[in-house]
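Please read them with the structure open alongside.

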Amino acid sequence: MRKTLGIIGGVGPLATMFIGEMIVRRTRASKDQEHVHTIIDNDTTIPDRTAYILDNTNENPVPYLINDAVKLANAGANLICIPCNTAHTFYDELQLASPVPVLHMIRETAKRAACLGAKRVGILATDGTLASAVYQKALLEEGIEPVIPDRAIQKQVMSVIYDYVKAGREVSLYQWNVIEQAMLQLQCDKIILGCTELSIVNKDLKLNDRYIDSLMVLAESAIVACGYELNNPVRV
């Protein structure tokens with residue numbers, strides 16, 4: 001039985017619109033009626049996830065996420081996904097309160113790394129995602145060694161996410177190459193784009209196949225979980 005997908009969006013807004021496009025493009029379909037029935041709530045009122053993880057005196061995003069999950073379920077969604085890696089820090093709370101299953105973006109991405117035979121994987125993500133260690137734990141569960149950037153490179157990653165993509169500014173290839181070379185020097189055989197804003201960078205700069213794009217993994221996982229087929233399935 002095919003399922004209706006609900007997307008808790010606004011985290012960030014551009015990544016939300018992009019995953020909608022990715023789901024359409026990656027679904028095997030020859031007409032409108034063969035695509036995934038998708039309900040998108042681009043909820044830009046959700047407080048910043050990283051800000052709360054690093055300082056819990058900031059506003060808690062969890063009640064917003066739960067409210068959106070309930071809203072989407074009431075609208076007919078049978079399955080929910082969240083195009084925000086950092087939000088998965090609160091996955092257990094959200095799944096407990098959600099009336100329907102919630103896909104786990106980070107576990108799906110770690111599984112993809114394992115399927116690709118990766119042994120040492122770099123993580124490019126927000127400070128909040130790294131602080132919560134959700135990717136580190138997921139990779140270790142797959143027998144993969146996680147690698148995080150040093151402080152200087154992490155500062156550049158955060159600038160790309162917040163000062164550029166979230167602010168609607170383009171990231172140059174020169175800016176990105178500084179980050180890439182630093183991760184290659186750490187001997188990573190694969191690098192996870194563990195923030196959905198970095199998926200926008202991937203789209204714009206057309207990065208190479210050493211990267212595992214978490215947003216693409218989520219889109220493909222959602223298509224399959226909803227009972228549809230992938231267009232040109234990934235071979236691993």
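1. Two aromatic pairs are found when the whole structure is searched, where rings of Phe, Tyr and Trp (its six-membered ring) pair if their centres lie within 6.5 Å, and where planes under 30 degrees apart count as stacked, over 60 as edge-to-face and the rest as tilted. This is a predicted model, in which local features need pLDDT of at least 70 and side-chain atom pairs count only at pLDDT 80 or more, while totals for chains, interfaces and linings use all residues. Residues are numbered from 1 along each chain as its sequence is written, and side-chain values use heavy atoms, with hydrogens and water left out.

2. One of the pairs is formed by Tyr52 and Phe90, which are tilted, at 6.0 Å centre to centre and with 55 degrees between the planes. Because Tyr52 belongs to helix H2 (residues 49-54) and Phe90 to the loop between strand E3 (79-81) and helix H4 (91-97), the pair ties together parts that are 38 residues apart in sequence; helices here are DSSP runs (H or I, at least four residues), as are strands (E, at least two), numbered from the N terminus. Both Tyr52 and Phe90 are buried, a term that means under 20% relative accessible area, as against exposed at over 50% and partly exposed in between (1.4 Å probe, protein chains only).

3. Trp176 and Tyr211 also pair, and since their ring centres are 6.1 Å apart and their planes at 50 degrees, this pair is tilted. Trp176 lies in helix H9 (residues 173-185) and Tyr211 in strand E7 (residues 211-213), so that parts 35 residues apart in sequence are tied together. Trp176 is buried, with a relative accessible area of 0%, and Tyr211 is buried with a value of 9%.

4. Helix H10 (residues 196-205) is largely enclosed by the rest of the structure, because seven of its ten residues are buried. The buried residues of H10 are Thr196, Glu197, Leu198, Ser199, Ile200, Val201 and Asn202. Just after H10, Lys206 adopts a positive phi of about 55 degrees.

5. The axes of helix H5 (residues 105-115) and helix H7 (residues 134-141) come within 9 Å and cross at roughly 45 degrees, the axes being lines fitted to C-alpha atoms, for helices over the stretch in contact, with angles running from 0 to 180 degrees between N-to-C directions. H5 is therefore oblique to H7, given that angles under 35 degrees count as roughly parallel, over 145 as roughly antiparallel, 65 to 115 as roughly perpendicular and the rest as oblique.
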